[in-house]
There are 2 protein chains.
Amino acid sequence: MSASPLFLPTRRGTVSSSGEGALIRSIRRWLGRSSPPSPRGIGDDCAVVRPARGRELITVDPLVGGVHFDHRTPAREAGAKLLKRNLSDIAAMGGTPRVAVVALALDGRTSLAWLAAFHKGLAREARRHAVLIVGGDVTRLDGSFVATLTLLGEARGRILTRSGSRAGDWIYVTGALGRSLPTGHHHGFEPRLAEGAWLARRAEVRAMMDVSDGLARDLATLTPRGLAPAVYAALVPRRDGASLAEALGDGEDYELVFSVASRSRRPKLEHAWKRAFPRTRLTCLGRFVKAGAVPPDAVTLAEHRGYEHHATA
Amino acid sequence: MSASPLFLPTRRGTVSSSGEGALIRSIRRWLGRSSPPSPRGIGDDCAVVRPARGRELITVDPLVGGVHFDHRTPAREAGAKLLKRNLSDIAAMGGTPRVAVVALALDGRTSLAWLAAFHKGLAREARRHAVLIVGGDVTRLDGSFVATLTLLGEARGRILTRSGSRAGDWIYVTGALGRSLPTGHHHGFEPRLAEGAWLARRAEVRAMMDVSDGLARDLATLTPRGLAPAVYAALVPRRDGASLAEALGDGEDYELVFSVASRSRRPKLEHAWKRAFPRTRLTCLGRFVKAGAVPPDAVTLAEHRGYEHHATA
């Protein structure tokens, strides 16, 4: 699959050759069934949707040209990635995604063919997860491409936040870590929605988040004050021959990291996981200990917090 | 009030001199009481909020440097404008705003002082309308500034959409039109939230939208197929000596345009309006007629659809 160029050298086939109204009509056509008619979708001042059931979850993540994708990323994959980054955040709380709005900031030279593929990739991913694209905006931006997607979800049962881990809790991670960019995992990944919802229903799981900025950094966020993670190098699941530094420091893993109560029956949890997700690896990396009591053979995670390309507030 | 620069020539006092974690902490400090603690606000994978009551309204509008503000726009006003553009969309359906998320795409040279003022302006506007900023994201973007705000609202009673006008319906507009940029109205405006909610409760009001791309363009959107607006030049309320072309073609008025059923008692509506909003002008511009039956003395609106700086999908 060859990557089509984002910007074209001549006006033909670009955003600036299309009228503004025509561009919006094209976007709705590319989105297809993912784009319901207004006022439930694009076309009025606001989208009007049914309220969330249970609690409402909200997350926003952008896709910036040159930061989150480049000329090697197929446009369809870039479009899917915009939604998947946000789906991963809903997964990390154990929720279900519902509706999204997308704001595009575009250079006039942007290729309509590229944009078509981008939106088709976005729409396909939306359909797979029953997400509707209900609103949007298109603005001029010279020299760059910024797509910002806000995703709304709901959680009828328990949600898992980042806080609540205690001393002695076990630290688990799904899948494998590292080398997300060279392997294409950064756009090919599957958001862990089913896994997140399943984990939120397990009483022994205490806290959870997704791994997007590298495990070393993200695990610091999951660690309560006064504690430290004792993680062992040999236990870290590595993607595609990743080094330890890559597994701990690279970003964009989009896996789930979570803590499990120290006194829980781990074999029971692991057995139930295997039945529910036979193809998704689950690994215990270590546990939370009192700060200052990290065993000498554990990894010094502070040495691996290199990944800084973006921040989630 | 002098405008502070968005980009600084040296690293000191810029985003790149601040750590990523420090920047997010600063943003939360600048937002103050508008930023509730996680998981109800910034700091977890998603924000967790109560569901909307009635129906949920969703809108997204960005603020792009050089498009929606420039070096003459005070940073506080730019921050307020980011929210107000979205408030105007909630107003246009008669809803009430609730919570917002903000995604920033920033150049490393962005001034922290500018960003502080921007967020303080945003927070002040949020407090005025009881809106909480519950989530955000910060990403790198070379050479530009893009802030994208998604606003969620609710409508417990009737909502007004853009459709539903009929032949003979009267066309009304709030406030005055034109010269939004030279007068500073494009950032100083007051979103018509109270007016929009009031109008949604009036049975004789049939359809409504906000005027953001110029009346001539927006009125085309409000016009049902088979009809045309018959608007009279002498009736168009003009801001600050605006010409007719400016009043009809300039963008960023952020007023409400709506239709009123032909058989309704207009003096009763206008009297009630004056009691409710004694300081807000209300003007009847003309009415919807059958296409092809526009009187020769009415304005030819198609000649005034010049404003193209952005599109709302």
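These are legends for a handful of close-up views of a two-chain contact and some parts of chain B.

This is a predicted model, where local features need pLDDT of at least 70, side-chain atom pairs count only at pLDDT 80 or more, and totals for chains, interfaces and linings use all residues. Residues are numbered from 1 along each chain as its sequence is written, chains are lettered from A and ligands numbered from 1 in the order in which they are written, and side-chain values use heavy atoms, with hydrogens and water left out.

**View 1. Where chain A meets chain B.**
Each side brings its share: 64 residues from chain A and 64 residues from chain B take part in the contact, where contact means heavy atoms within 4.5 Å. The size of an interface is often given as the accessible area lost when the parts come together. Here chains A and B bury about 5100 Å² between them, with 59% of it on carbon and sulfur atoms; that area is what the two parts lose on being put together (1.4 Å probe), summed over both. Eight salt bridges run between the chains, a salt bridge being a side-chain nitrogen of Lys or Arg within 4 Å of a carboxyl oxygen of Asp or Glu. One of them links B:Glu20 to A:Arg217, with the closest N and O atoms 2.6 Å apart. On the side of chain A that touches chain B, strand E2 (residues 55-64) of chain A gives the largest share, nine residues. Sorted by class, that side of chain A has 33 nonpolar, 14 polar and 17 charged residues. Nonpolar here covers Ala, Val, Leu, Ile, Met, Phe, Trp, Tyr, Cys and Pro, charged covers Asp, Glu, Lys and Arg, and the others, Gly among them, are polar.

**View 2. Strands pairing across the two chains.**
Strand E1 (residues 47-49) of chain A runs antiparallel to strand E2 (residues 55-64) of chain B, and three bridges join them. Strands (E, at least two residues) and helices (H or I, at least four) are DSSP runs numbered from the N terminus, and two strands pair if DSSP finds at least two bridges between them. Look for A:Val49, which sits opposite B:Glu56.

**View 3. Strand E10 of chain B and its partners.**
Seven of the nine residues of E10(B) (residues 282-290) are buried, meaning under 20% relative accessible area, with exposed over 50% and partly exposed in between (1.4 Å probe, protein chains only). Five bridges tie E10(B) to the antiparallel strand E6(B) (residues 170-174), and B:Thr174 has B:Leu282 as its bridge partner. Strand E8(B) (residues 227-231) also pairs with E10(B) in the antiparallel sense, over five bridges. In that pairing B:Pro229 stands opposite B:Phe288, and B:Ala230 opposite B:Arg287.

**View 4. Strand E8 of chain B, tucked in.**
Five of the five residues of E8(B) are buried, so the strand is largely enclosed by the rest of the structure. B:Leu227, B:Pro229 and B:Val231 point one way, while B:Ala228 and B:Ala230 point the other way.

**View 5. A buried glutamate, B:Glu255.**
B:Glu255 belongs to strand E9(B) (residues 255-260). B:Glu255 counts as buried because its relative accessibility is 3%. Its side chain makes a polar contact with the side chain of B:Arg192 (2.8 Å); such a contact is a pair of N or O atoms within 3.5 Å, where within protein one must be able to donate a hydrogen and the other to accept it, and residues adjacent in sequence count only if both atoms are side-chain atoms.
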